[in-house]
Amino acid sequence: MKQLDCCLTIVFPQALEENLVDHLLSHPEMASGFTTSVVEGHGAGAAFHSAAEQVRGRANRVQMEIVMNREDAATLIEHLKQDLPNREVAYWISPVLEFGRFA
């Protein structure tokens, strides 16, 4: 079993959610599970897609978190960059010290 030693976080416009979810579901060998949540993007890098976002000054986004193997994370990022090139997709990789389940 591969060591789950990092957390890949991807933040993207809600319009890309189905594409990203489909991509992950088609590659279970790299990511056997993930979590998504609705978030809001702030700052100069946030592009607004609706009048409501412009008025609020926040962009609707989805945040996806995947605890996975570091090498698989790098491979997945390269796949996603090729399949979904988009400047509005941001990602970062953080170390995971421990991962487990209560039962």
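1. T9 lies in strand 1. The model in which this assignment is made is a predicted one, and the remarks below should be read accordingly.

2. Strand 1 has two pairing partners to consider. With strand 3 (residues 59-68) it runs antiparallel, and the two are joined by 8 bridges. With strand 4 (residues 90-95) strand 1 likewise runs antiparallel, here through 6 bridges.

3. On the strand 3 side, T9 stands opposite E65. On the strand 4 side, I10 is placed opposite Y91.

4. Is T9 buried or exposed? T9 has a relative accessible area of 3%; it counts as buried because this value falls under the 20% cut-off.

5. Setting aside neighbours within four places in sequence, the contacts of T9 are Q63, M64, E65, A90, Y91 and W92. Of these, E65 is also the residue that T9 stands opposite in strand 3.

6. A separate point concerns L25, which belongs to helix 1 (residues 17-25). The relative accessible area of L25 is 56%, and this residue is classed as exposed because the value is over 50%.

7. How far apart are the C-alpha atoms of L25 and E40? The two residues are 15 residues apart along the chain, and their C-alpha atoms are separated by 24 Å.

Key: Residues numbered from 1 in each chain as written. Predicted model: local features only at pLDDT ≥ 70, side-chain atom pairs only at ≥ 80, totals over all residues. Heavy atoms only, no water. Pairing = 2+ DSSP bridges. Helix = DSSP H or I, 4+ residues; strand = E, 2+ residues; numbered from the N terminus. Buried < 20%, exposed > 50% of the residue type's maximum accessible area, 1.4 Å probe, protein only. Contact = heavy atoms within 4.5 Å.
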